[in-house]
Amino acid sequence: MQIFNSLNENKGLSIALGFFDGVHLGHQAVIKSAVDFAKKHNSKSAVITFQDHPHCFFHDLNPEYIIKRKEKIDLIEKLGIDYLYFIKFDEKLANLSAENYLKDILIKNFEPIAISTGFNHTFGAKKTGDVNLLNEKQTTYNYQYFEIPPVIQDNEIISSTTIRKKLAQGEIKEVNKMLGYTYGLEETVVYGQQLGRKLGFKTANLIYPKNLITPKNGVYSALVKYKENTYKAVANNGTRPTIDKNLPQILEVHILDFDENIYGEKLEVRFLDKIRSEKQFENLDELKAQIQKDVKFVEKQ
């Protein structure tokens, strides 16, 4: 898969449009539609997306994404896309009418043979472009349009917004179902206060990137991948109130059956289920006893 950070002429493609934060099951259906059409017509496929969500541009907000861009790229590539375009969303794009966005950006650069989007896709100034416009202009611009219907999970429409809400509530099992893969992140192990070592439970400490939404504070069962091996783990996302009420947010991961010095190393953590909420214990002995219970719970999984 080739990645571009600006527009270029690359014509005759089957394209998928969207921001695709999380690349959840709904997104996957849109992208697969573009890939399948391209293969059927001996063409190439592309995802056309933005470097940052337009919502952040309009409301001057720092983004809170589900996954990092690197994982987004990896997931899109696995779906068989040939080209991935990350377009910078700027003032010029923000003021383009829907018709001009379609004509001057998509048609001019890609002359697509097919366009696939989700059922609720919008584009152009004030979101005036939608699935109806894309459907209406097929003959004018000589492409086939595919509106992908919503994907339903447990009577809920899968969306990035819903997944962010469920992450914030710690509903990891539901998040994983909607994503179609196991939610997590890969970060570098940093030095902490080494309190876990004193309690008899060494932890690898990771700091969530500022542009990612974090799961609700609590203790989770997890899988950790280090180099080529995968281990069971207990992951605590929170501020460790039993130790000190003023500690910064951190992800502490106790890896079962593991005893290596991995400071400065990359660690991939995948969340499986929430065990319990974070709480302040009366003393360290109570905290240690609870961690022992958490470890036993994960061992049995």
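In this predicted model, Phe-119, Ile-152 and Ile-157 make up a nonpolar patch on the surface. Together the three residues have about 250 Å² of accessible area. Phe-119 lies in the loop between strand E5 and helix H6, the helix that covers residues 131–136. Its relative accessibility is 30%, so Phe-119 counts as partly exposed.

Strand E5 itself spans residues 114–118 and contains Thr-117. Is Thr-117 buried or exposed? Its relative accessible area is 0%, and buried means under 20%, so Thr-117 is buried. Which residues does Thr-117 touch, leaving aside its neighbours within four places in sequence? The contacts are Leu-17, Val-30, Val-131, Leu-134, Tyr-145, Phe-146, Glu-147 and Ile-148.

Next comes helix H3, which runs over residues 69–78. The buried residues in this helix are Glu-71, Lys-72, Ile-73, Leu-75 and Ile-76. An α-helix has 3.6 residues a turn, so residues three or four places apart point the same way.

What do the buried residues of H3 pack against? Their partners include one helix, H1 (25–40). The strands they pack against are E1 (2–4), E3 (44–50), E4 (83–87), E9 (184–188) and E14 (266–277). After H3 comes Gly-80, which has a positive phi, near 95°.

Key
Residues numbered from 1 in each chain as written. Predicted model: local features only at pLDDT ≥ 70, side-chain atom pairs only at ≥ 80, totals over all residues. Heavy atoms only, no water. Helix = DSSP H or I, 4+ residues; strand = E, 2+ residues; numbered from the N terminus. Buried < 20%, exposed > 50% of the residue type's maximum accessible area, 1.4 Å probe, protein only. Contact = heavy atoms within 4.5 Å. Patch = residues over 30% accessible without salt bridge, like charges linked within 9 Å, V, L, I, M, F, W, Y side chains within 5 Å. Areas by Shrake-Rupley, 256 points an atom, 1.4 Å probe, with all protein chains shown as cover. Salt bridge = Lys/Arg side-chain N within 4 Å of Asp/Glu carboxyl O.
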